[in-house]
Amino acid sequence: MLSIQEVKFIAKKIVKATTKILNDAQVLIVDQYGNYMALDESYRIIKGTNEWKPYIDEIIRRKEVIVIDNPGFNVLCKGCRNEGKCPQTLEITVPFNMGDVFIGYMSIVTFSDEMKHEYLQKKDQIIDYLNSMIDLMVSAAQEHVARRRSDQMFQELNTIINSMHYGVVDCDLEGRIKCTNNAFRELLGIQDSLSKKRITDLVKSKAIDAVIENHQELEEQESPIIFNGKLYRMLIKAKVIKNKDGATIGFIFSIRDAQGITSLVYDQSNKYSHSTLDWIIGQSDSMEKLKKDIANIATSTSTVLIRGETGTGKELVARAIHSLSERKEKPFVTINCAAIPDNLLESELFGYEDGAFTGGRKGGKTGLFEIANGGTIFLDEIGDMPLHLQVKLLRVLQEREIVRIGGYTPTELDIRVISATHQNLDELIKNHQFRMDLYYRLNIIPINIPPLRNRLVDLKELVVYFIDKYNMKLDKHIVGVESSYFKALNQYPWPGNVRELENAIEYAINIETSERLTDKSLIPKIAEFNERVKSPQTLKERLSQCENKIIQDTLEQYKNEKNNIMKVANLLGISRASLYRKVKKINETNENQ
């Protein structure tokens, strides 16, 4: 929204020019508070006082043109210092808004009876003239503000571009540089302006040449470029700029080196880079032992295998180990082996050379082992890694070097491997789903994270931590919990562990309307469990629950195996038909709850 302050400079020019045209009359602009924003100084001398506030209030109330042909004696002049002796003979006032807000008014004032009669005779023309001046003033002000905002946006955009860690180049249709950011000049070691120079004269790159020649965008790919006679391996991306008719008018290139991409992944993966032992919540004996073990092994280079149920915080432990090590300033790269399809996992881990397979990225791809070189790589859910990749990982751990898919030249690795799993690797080895030799390589330093149900003494501290976290995130003001709410949490078995607890607290803070968490804010799953606990159970019901849990846990353990139903039935010592019948009964019970 514009204010009169925005137009003060323009208003003064309009008043000055208008006063000269009107000879004996004066023009002034007053804001909604009675302050003069533009006037000829002779007006102030003649009148000898500021504008009368009741008069301004009346203009605001009426929001229409006001003509006073008896200044000093008009009802609106009552109480004014010039009442009964005003030097003015006529005042024609036109209010104006900016948007829907009253901003002020413009007036024409005369000081002689002769001018008064003359202006009253052409009152309508005077009012039209004032409205025209107001329109001119507002339009000029809007243009001024738009220009100022455009300049401000350009400065902000320029600041953003110059804050980027990779080089950005804006070129015209012929490849002549229009502007670059600081990172591009630093990348090439050039301090001088590059404006109007051709990018193809600065760097030799087939990828850049192809973009300019074919007007085709380029997804980020590794590509060699030559600068000052030296060959560099860069990551290049290009966007084609088109006008409203669809014709190409220029190109924007982004360029960064191999270290640049490593830094990017490192920055993204280190959003918890400040993780230390302080971020592992809990004062129970088992958690104190865990923290002590982490501190003791952090400076080692040996591989670590972290075991724990889903949601216990295996990645947090891995980050804590990294943050306390001498590698803390180096990359920490994490990959979930269960979340990436088998056919993509190998290329993600080891990378590939250009032309290694159909559909691959031009210029090849850097693998995560290379990106993490010098730092730590965290292989989460290692138990889900396919057997053929386990062989390759074993070789990497033994030889401490990596060869890209389709490549021949090995890259030496200085890297620490931390892996994690919620599965029983001993069972996977027995079932020939995990290599024993790889297991021994990974399990040099074992770390076990206790489930939340085995350290409920830490529950209160965790609840307080998550309340503080989501109070800040959601702008809420929860100050504590009711005893019944905490009792319900304490009775729940927490199959999802700390992650499930965090979800429960976030849910509660979102829906709670009081200052404390109550039974009403329990997540439905926990509320239902709480109701079942309150109801007395017979021995038969309790035995049935235990049986159901054993069946569900065993089915979960063998869910990815062939003939898993038969294996589970044999392990439990029941027939396959009995197992099917019990599973059906479990599902029906769950649906009715």
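Start with the open sheet of 5 antiparallel strands, ordered β2-β1-β5-β4-β3. Strands here are DSSP runs of E with at least two residues, helices are runs of H or I with at least four, and both are numbered from the N terminus; two strands pair if DSSP finds at least two bridges between them. Select β2 (36-39) and β3 (66-68): these strands stand at the edges with a single partner strand each, so one side of each has no neighbour in the sheet. From one strand to the next, the twist averages 20° (axes are lines fitted to C-alpha atoms, for helices over the stretch in contact, and angles run from 0 to 180 degrees between N-to-C directions).

Before you go on, note that this is a predicted model, in which local features need pLDDT of at least 70, side-chain atom pairs count only at pLDDT 80 or more, and totals for chains, interfaces and linings use all residues. Residues are numbered from 1 along each chain as its sequence is written, and side-chain values use heavy atoms, with hydrogens and water left out.

Click on Ile 29 to find its bridge partner in β2, Ala 38.

Next comes the other sheet. Here 5 strands pair in parallel in an open sheet, in the order β12-β13-β16-β11-β17. Its edge strands, β12 (332-336) and β17 (445-448), each pair on one side only. Select strand β13 (residues 376-380) with β12 to see a parallel pairing over 5 bridges; Ile 335 has Leu 379 in β13 as its bridge partner.

Move on to Arg 185, in helix α6 (residues 182-188). Its side chain makes polar contacts with the side chains of Thr 180, at 2.6 Å, and Asn 182, at 2.5 Å. (A polar contact is a pair of N or O atoms within 3.5 Å; within protein, one must be able to donate a hydrogen and the other to accept it, and residues adjacent in sequence count only if both atoms are side-chain atoms.) Leaving aside residues up to four places away in sequence, Arg 185 touches Thr 180, Ile 190, Gln 191, Asp 192 and Leu 194, where contact means heavy atoms within 4.5 Å.
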